[in-house]
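This report looks at one helix of a chain and at what surrounds it. Please have the sequence and the model open while reading.

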Amino acid sequence: MTTEPSLDLPPAQQARSRLTQQRILEAGTALLEEGGTEALTVAAVASRAGVSVGSVYRRFGDKDRLTAALQHAMIDQFRADIIRRFAPLRADPAAMVASAVAGLTETFETHARLMRVFITAGTTDPAVARVGSEASIDAGRVFRQFLEPVLPAMAGAPEPELRLDVVFRLVYGACMNRVLHGELFESERPLTWRQLTEELVNIACPYLLGVPGQ
């Protein structure tokens, strides 16, 4: 399976055509979540969406291009969800750090099933891995931009921008491991997503700001 970052798909001009395209994407997403890339066939997507096989081919081409479209759609939604969740209750630095960490972990939790499919596919498909890496780097950029206002509070810390990057890597890595392997892979101690988020905040705030997490 090979996916291409540049899809060059024909635009869905009319409302009915856009609706059909959305149904195809929703059907493909459901199949990936239920059975991984093996379950994703053009025929299965057409049946699930209630459209003809030709309709899928006209809009997305073969399975590889459909898979690429589904990956890009997930990435777009992931990015939008992170930005939407970056909404601190207060503007103080500790609240912003907590909001950034929680925004990232909650978005991973929301998209865990589909992300697991693409993470796994990326271990054997360089194109999927490349698109995933580009999206991850972009998520890190969004994370750091959101936390730029806390930089003055980090004036005493060495290389504050590096520290923001390290915190993103820490949170991102913990979430990726949880998505791929589940809650109890590396430890027998149960740890919910909410508890994981709270502990990551408790790590990030002292590291960045020299204050306890909130």
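How many helices and how many strands make up the secondary structure of the chain? The chain has 9 helices and 0 strands; helices (H or I, at least four residues) and strands (E, at least two) are DSSP runs, numbered from the N terminus. The model is predicted: local features need pLDDT of at least 70, side-chain atom pairs count only at pLDDT 80 or more, and totals for chains, interfaces and linings use all residues. Residues are numbered from 1 along each chain as its sequence is written, and side-chain values use heavy atoms, with hydrogens and water left out.

Of the 214 residues of the chain, 44% are buried, that is, under 20% relative accessible area with a 1.4 Å probe, protein chains only. The C-alpha trace spans about 60 × 40 × 30 Å along its principal axes.

Helix H4 covers residues 63-85. Among the buried residues of H4 are Leu66, Leu70, Met74 and Phe78.

| Helix | Residues in the contact |
|---|---|
| H4 | Phe78, Asp81, Ile82, Arg85 |
| H5 | Ser99, Gly103, Leu104, Glu106, Thr107, Phe108, Thr110 |

These residues divide into 4 nonpolar, 4 polar and 3 charged.

Technical notes. Expected span 1.5 Å × (residues − 1). Buried < 20%, exposed > 50% of the residue type's maximum accessible area, 1.4 Å probe, protein only. Contact = heavy atoms within 4.5 Å. Nonpolar A, V, L, I, M, F, W, Y, C, P; charged D, E, K, R; others polar.
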